[in-house]
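Take a look at the model below.

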Amino acid sequence: MTENLHSMIATKLEEVGPSTAVAFEIKIDSYFDAVRGILDDFSSGKDLVCVYITASVPSSTLNAALEALEVKVKDLRFVDCISHTLMASMEDSENTAFVESPTMLENIILKVEYFYRLAQGKKMLVVLDSVNSFALHNENKMLTEFLTILTNSLKAKEAYPVLLAIPDQLRPETRETMAMICDVIIPL
Amino acid sequence: MAKKGERGRCATGIEGLDNVLGGGIPTSSIVLLAGSCGTGKTTLAFEYLVRGVISGEPGLLITTVETPDRMISNLPRFRFFEASMLVKSKLSIINLQEIIDSAGLSGSDMDEAAIKKLVAVIAKLVVAHKAKRLVIDTIDSVLMEIKDETLSSMLMADLSAALHRSECTAMLVSSAEKCDRIEGRVADGIIMMDNLERRWVLLRTMQVVKMKGTSHSRSRYVIDLTDAGVLVTPLLKGGV
């Protein structure tokens, strides 16, 4: 089942191709499987630069979890919007850009732009984890504006914008926003 | 490429700013880069000079507060900056005090004659360095020595004329938080830099208030100072 989920995610992303905003609706118990499918099966397989925007779990925790799962992603970058807020450890690293809070939405766009510049033309996969966390910290109007600008700029760069969401915990207005912004919503 | 009857552009090389300006600053303009401390004025002005060097336009930086060495050490380490730019005189950094001393203006009042002399020395330096880009950081230090507004206005006008002759485009850094001072009224362009507080966190912002000779966005943008340069994105409208 787990292996099916991995390969299914990679197949779906392959099918939709770049410049398409995709949302994966995941169940909380398949969270790491989904992340693994995106990062390991898809991103590494296609030799993409992966920018992982996290507002849910600090990048250090995610990194440790990926290591424990023996997932090695060559070009993985983090935009960590939660460590500051949690006062978690923020080790200086070329692969991680810290944003003070998940409310500093413009700074998140700028950090993605930063990694895009460093990628020097290499194709990018940008994962936003998660719509739920951002909805928790931001009003819906702001979130809509942010997701619109972020996904459209990524589409223009021929990147792969991927949004993660846990559907059971989404407010109706956030669900509407997601439906409006994403080209494809895939329930897992 | 400028259209017929349109002034040429000095593309700053700062991608987001050039987009806001519709391609760059009209050549030979004097642009005031104004705003309170910590807003990124010096970093943006320095990138403007470095990008100029990369595109083949030598630059001249006149510092008035910090020594050249200290200024360089405080700036972000741009990935595209090379120390050889300084050695090969493509980017020259001079302290204002050296200029004042060489013009024999030390200790003298900034009267009309002194201002003319000062502008003449700066113009000479621009020609000598073949500078197409000039930054004075900060212009406040020069203007605060001048008590009479008419003389301040004259300094700006004379500087503008001298730079126009050399086809040199200038950024004058100022700590003014409003653009109603004499330098703002006389400058061809004004870029306001600011700190915007949102939920107790500061965002750096940039807004082109005025730019003669081009149509431009007057929206407010958020900037980030990185080693890959100054990055620009629109301020989310729901966020103010």
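Helices (H or I, at least four residues) and strands (E, at least two) are DSSP runs, numbered from the N terminus. This is a predicted model, in which local features need pLDDT of at least 70, side-chain atom pairs count only at pLDDT 80 or more, and totals for chains, interfaces and linings use all residues. Residues are numbered from 1 along each chain as its sequence is written, and chains are lettered from A in the order in which they are written.

Start with the largest pocket. A pocket is an open set of points on a 1 Å grid over the protein atoms alone, where a 1.4 Å probe fits, with protein on both sides within 12 Å along at least five of seven lines; lining residues have an atom within 4 Å of a point. The largest pocket holds about 390 Å³ of space, a volume being the space filled by probe spheres set on the points, which are joined across faces, edges and corners. It has 21 lining residues, and A:Glu113, A:Ser153, A:Lys157, B:Val232 and B:Thr233 are the closest to its centre. Two or more residues each come from α5 (105-119) and α7 (140-156) of chain A, and from α1 (15-20) and β11 (229-234) of chain B. α7(A) gives the most, 6 residues.

Now the second largest pocket. Its space is about 330 Å³. Of its 18 lining residues, A:Ser59, A:Asn63, A:Phe78, A:Ser93 and A:Thr96 are the closest to the centre. In chain A, α3 (59-68), β3 (76-80) and β4 (96-98) each give two or more residues to this lining. The largest share, 5 residues, comes from α3(A).

Note on methods:
Side-chain values use heavy atoms; hydrogens and water are left out.
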